[in-house]
Amino acid sequence: MEETRVAILGIIVEDPDAVEDLNAILHDFGPYVIGRMGIPYHARNIHIISVVVDAPQDIISNLSGRIGKLPGVSSKTAYAKVSAAHEAHEG
């Protein structure tokens with residue numbers, strides 16, 4: 001079975017026009033998303049989003065890469081130190 005990792009993506013959206021594309025990307029990876037929290041920071045006209053995923057390493061890298069290519073969007077990924085067999089959260 002393929003191993004998965006838990007990771008959090010910290011995303012800052014500076015360009016409001018990028019939100020629709022970002023949401024489409026996150027929708028594509030929906031089966032791996034554990035949770036998502038978005039905070040609009042009106043004083044700076046930005047949106048701060050955290051997305052927690054449990055996915056194989058290549059899926060997380062793909063997601064992070066696609067988000068990183070969006071203009072006006074910055075992101076960083078942090079990983080949990082433990083990994084789990086995919087079957088552990090399917091049961």
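I began with the secondary structure and found two helices and four strands in the protein. I took helices (H or I, at least four residues) and strands (E, at least two) as DSSP runs, numbered from the N terminus. Reading from the N terminus, I noted the order β-α-β-β-α-β.

A reminder to myself: this is a predicted model, so local features need pLDDT of at least 70 and side-chain atom pairs count only at pLDDT 80 or more, while totals for chains, interfaces and linings use all residues. Residues are numbered from 1 along each chain as its sequence is written, and side-chain values use heavy atoms, with hydrogens and water left out.

Next I looked up salt bridges (a side-chain nitrogen of Lys or Arg within 4 Å of a carboxyl oxygen of Asp or Glu). The structure has one. Its partners are aspartate 28 and arginine 66, whose closest N and O atoms are 3.1 Å apart. Aspartate 28 sits in helix α1 (residues 19–28) and arginine 66 in helix α2 (residues 57–68), so the pair ties together parts 38 residues apart in sequence.

Aspartate 28 is partly exposed at 45%, and arginine 66 is partly exposed at 33%.

Then I turned to the whole protein. Of its 91 residues, 26% are buried. For contacts (heavy atoms within 4.5 Å), I saw that 70% of those with a separation of 6 or more join residues 24 or more positions apart.

How values were computed: Buried means under 20% relative accessible area, exposed over 50%, partly exposed in between (1.4 Å probe, protein chains only).
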